Amino acid sequence: MPQDYDNMAKNLLTDYATEISQFVLGVKDVEVLENIDTEQQTIIGQRADSTKRIRVDNSEAILHIELQLRDSTHKPMWARNAAYHGYLVGAHELPVYSNVIYFHPNAGTNDTGRYEYSWRGYKYTLHYKVIRLINIDGQAVLEMNAPGILPFTPLMKPPAGMDIEQWAQECVNATCAAPVDHQTQADLLYAISLFGSLVHNPELYEQLIPEELMRESKFYQRQVEKIARENTIENTLALLQDQFHAEAVIAITPELRNINDLQKLKQLHLAAAKVQSIEDFTQLLHE
């Protein structure tokens, strides 16, 4: 699901803020000063993916990064960036360096990174950096020894003459050799598998990465719990729908879906097979 890729990328932007900021800006002299809460930058239903206050070349600025699996459909990217850019300049009164990272090889081909107009003394210019991963020399990135960038390398351009399988193996090998602890290595390998499967057969990464290592990733564990949670909710609703009126079940469905505690959901699932009325189940739901 798109949300899975989005969440993973946002986690990497947080955990490896300095490395990714250096990569996006193309300079080494970057200090991340503060992660700016995206809850505070919602603009007409749109929330920026990553915004940080940074110091670069001895000056403070705002670094804004948008993550795009594919092309923006509901609104042109230049229009979204104009909204974010205007808000961030007004809120922080600092230069704003906006970037869009396109994951899929076919995405972003028509994004010029520019929007401007002028008329009778009125003038507006917006330039932002368009980063299409497929255009980046993947081998050069592997040689950077920057662990936080490694999960994106399967989507980058492989060396000339190297096929997909060989390139995926190179990306996995580089991650296994990265100077990180075992837990972090598992997290990075899971991220490589997730992003690489956007354009490659997921079975390729199942062959390259031992399953027991993948299981050690906190992201893998969260995904397993997420799937278990969704299945438990659906199974509980199915039991209730078999016993009670559809309207009554529909009425409590939003509340059931809002429960994040997997153990409570499992208890409710067991109860759904035993309760005598929807009112009894609703009471358990509220406990």
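Glu60 counts as partly exposed, at 31% relative accessibility (partly exposed lies between buried, under 20% relative accessible area, and exposed, over 50%, with a 1.4 Å probe and protein chains only). The model is predicted, so local features need pLDDT of at least 70 and side-chain atom pairs count only at pLDDT 80 or more, while totals for chains, interfaces and linings use all residues. Residues are numbered from 1 along each chain as its sequence is written, and side-chain values use heavy atoms, with hydrogens and water left out.

**Salt bridges**
- The structure holds 11 salt bridges (a side-chain nitrogen of Lys or Arg within 4 Å of a carboxyl oxygen of Asp or Glu).
- Glu60 forms one of these with Arg53, at 3.2 Å between the closest N and O atoms.
- Arg53 also meets Glu34 in a salt bridge of 3.3 Å, N to O.
- This pair links distant parts of the chain, as Glu34 is in strand S1 (residues 30-35) and Arg53 in strand S4 (residues 50-56), 19 residues apart (strands are DSSP runs of E, at least two residues, and helices runs of H or I, at least four, numbered from the N terminus).
- Glu34 is partly exposed, with 39% relative accessibility.
- A network of salt bridges links Glu31, Glu34, Arg53, Arg55 and Glu60.

**A pair within helix H1**
- Lys10 and Asp6 form a salt bridge of 3.0 Å, N to O.
- The two residues are 4 apart in helix H1 (residues 2-15), which means a separation of about one helical turn.
- Asp6 is buried at 18% relative accessible area, whereas Lys10 is partly exposed at 27%.
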